[in-house]
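Here's a quick briefing to read alongside the model. Have a look at the fold first, then go through the points by topic.

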Amino acid sequence: MELVLRGHSFRYECENLCRLFFPYSPVRVTEDAVSGEAGVSTCIQPTGEGYVYTVRARWEGRSCTLTQTLPAADEYGMTELLYRALREISGISPAWGMLTGIHPIKLLRQYCTEQGDVAGQETFRSRYHVSEAKTQLAMATLRAQRPFTEALRPEDFSLYIGIPFCPSRCSYCSFVSQSVAQAKKLMEPYFQRLLEELARTGEIARDLGLRLISVYVGGGTPTTLTAEQLKRLCTAVGEVFDMGDCTEFTVEAGRPDTIDREKLMALRSAGVTRVSINPQSLSDEVLRAIGRRHTAQEVLDAFALAREVGFGEINCDLIVGLPKDTLQGFQRSLDGVIGLGAENVTVHALALKRSANLITEGGDLTLHGQRAEVEAMVEYAAKRLAEEGYAPYYLYRQSRTAGNLENTGWAKPGTVCAYNIHSTDECVTVLACGAGGVTKLKDPYADRLERIFNFKYPFEYLSRNRELMERKEGIRRFYEQLRQRLH
Ligand code: SF4
């Protein structure tokens, strides 16, 4: 699709909107007139009375022209007009309207803080053309988060630890994790450096008087580590950080083919309170199609084992839009997870980045492109989970998702994972250790976030470790400057 921009510089926002409607059509930005069959021309022209906005859109024989005059030339005026034109020619009304950002709850919180819940919710819905159902979902999520966000103290922080290894690569994954077979020799040195990074981070947190409130070990698949390494890792966290205020310690035991009794017992005895066992689907055919080397039965067995070992809080991730799945298949997966009694269920919309094997190797994307089908899956999940007493508590969106839908975490009462709120909502500092980790330093008195990036790949993490350790001093600088500002 061609996208013509004239008289404005809102390229990024306009491109995102075109992708929202036509995710499989590459966008070519130009300043010339639309020459092909599919294209959008956008223009802002100053006049004596203000600015005239014009959008002309053409797609598969349908065309539409919209104009409006506004007192100023701004991004919202342009994108809102473009949204209406694209909706007209495509016949699609996206459930999240023209929102393309990944943090809708943050936006809703901002409106509710400024205008109160009733008016804030109405602004969110009408300004961005968000459907009533998604507005309600966002509002329910915001309400569930409040006890957690409102209890935060300025010195609180969460800890993220990344283990970038997996038993094999899932075909939809774009994460930079290394398969264990490829990276076996890197694992022990990586582990040693990670312990050093944790020690340094703990020292900085202590010096600054910061308080650890939640720990999350993710990846990758942390349970690719041995039972002994898992125990050492979790014990090290308890040794280098003050755990007095830490109410939650999660480890992603994502792939059942990495879990055994010894590892689960090691986690349990080291103080881990919550694990995530992620089926993604309970259909063997779908699991094969996405390159997971385990069966649905192995998921059920791993779940039963985690219960036996004593885990009272278990999360299960499911994905809508996977190859070979169907609405009925997804319903069986969701019912299966509910039947297991998982305390938390997270429903993801399949997001496909360019580097995923499904894209590079030309996998089956039929379902990913069927908006109505994936919307029906998400609707079924929301209805069934609510009936079973789960409530939504965190929500975020990614680009290039099936049906342009959201990822929502659901929890039974009293089992919310605070870390998920902290990380998706960016409402508290998260100190990250390990390859690919991003430390997010949150100014508790302002809407300001500073990031410190760790190296992505394990080999870089090892070879540039000194540089990485130096970057950690940025945490100290951030808090010292914050305190100076306050005095
Ligand atoms: S387990 Fe997760 S991180 Fe690992 S390859 Fe699969 S999707 Fe990617």
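The chain has 16 helices and 18 strands, where helices (H or I, at least four residues) and strands (E, at least two) are DSSP runs numbered from the N terminus. Its radius of gyration is 24 Å, close to the 23 Å that the globule rule gives for 487 residues, so the chain is as compact as a globular protein of that length. That radius is taken over C-alpha atoms, and the globule rule is 2.2 Å times the number of residues to the power 0.38.

Keep in mind that this is a predicted model: local features need pLDDT of at least 70 and side-chain atom pairs count only at pLDDT 80 or more, while totals for chains, interfaces and linings use all residues. Residues are numbered from 1 along each chain as its sequence is written, and side-chain values use heavy atoms, with hydrogens and water left out.

**Overall layout**

- The C-alpha trace spans about 70 × 60 × 45 Å along its principal axes.
- Of the 487 residues, 56% count as buried; buried means under 20% relative accessible area, exposed over 50%, and partly exposed in between (1.4 Å probe, protein chains only).
- Among contacts with a separation of 6 or more, 71% come from residues 24 or more positions apart, a contact being heavy atoms within 4.5 Å.

**Around the ligand**

- The residues surrounding the ligand are Cys166, Ser168, Arg169, Cys170, Tyr172, Cys173, Phe175, Gly220, Thr221, Arg255 and Arg292; to be near it, a residue needs a heavy atom within 4 Å.
- Sorted by class, that shell holds 5 nonpolar, 3 polar and 3 charged residues. Here Ala, Val, Leu, Ile, Met, Phe, Trp, Tyr, Cys and Pro count as nonpolar, Asp, Glu, Lys and Arg as charged, and the others, Gly among them, as polar.
- Gly220 from the shell is joined to Gly219 by a cis peptide bond, with omega at about 15°. Gly220 sits in the loop between strand S9 (211–219) and helix H7 (227–240).
- Asn357 is in helix H12 (residues 357–360) and counts as buried at 19% relative accessibility. Leaving aside neighbours within four places in sequence, Asn357 is in contact with Arg169, Ser171, Cys173 and Gly362.

**Salt bridges**

- The count comes to 37 salt bridges, each being a side-chain nitrogen of Lys or Arg within 4 Å of a carboxyl oxygen of Asp or Glu.
- Arg109 and Asp425 pair up at 2.4 Å, N to O. Arg109 is in helix H3 (residues 104–115) and Asp425 in helix H14 (residues 418–425), so the pair ties together parts that are 316 residues apart in sequence. Both Arg109 and Asp425 are buried.
- Arg384 bridges to Asp335, with the closest N and O atoms 3.1 Å apart. Arg384 belongs to helix H13 (residues 371–387) and Asp335 to helix H11 (residues 327–340), so this pair links parts that are 49 residues apart in sequence. Arg384 counts as buried at 16% relative accessibility, whereas Asp335 is partly exposed at 29%.
- Arg448 and Glu450 form a salt bridge, their closest N and O atoms being 3.3 Å apart. Arg448 is partly exposed, at 32%, and Glu450 is partly exposed, at 32%.
- Arg153, Glu155, Asp156, Arg211 and Asp245 are linked in a network of salt bridges.

**Nonpolar cores**

- The largest nonpolar core has 134 residues, and Leu159, Ile161 and Leu334 have the most contacts inside it. Such a core is a set of buried Ala, Val, Leu, Ile, Met, Phe, Trp, Tyr and Cys residues joined through side-chain atoms within 4.5 Å.
- Helix H6 (residues 180–208) gives the most to this core, with 10 residues.
- Leu334 touches Leu318, Val345, Val347, Tyr380, Ala381, Arg384 and Leu385, not counting residues up to four places away in sequence.

- Most residues other than glycine have a negative phi, and most peptide bonds are trans.
- Glu60 has a positive phi of about 45° although it is not a glycine. Glu60 is in the loop between strand S4 (50–59) and strand S5 (62–70), and counts as exposed at 67% relative accessibility.
- Lys324 also isn't a glycine, yet has a positive phi of about 70°. Lys324 lies in the loop between strand S12 (314–320) and H11, and is partly exposed at 45%.
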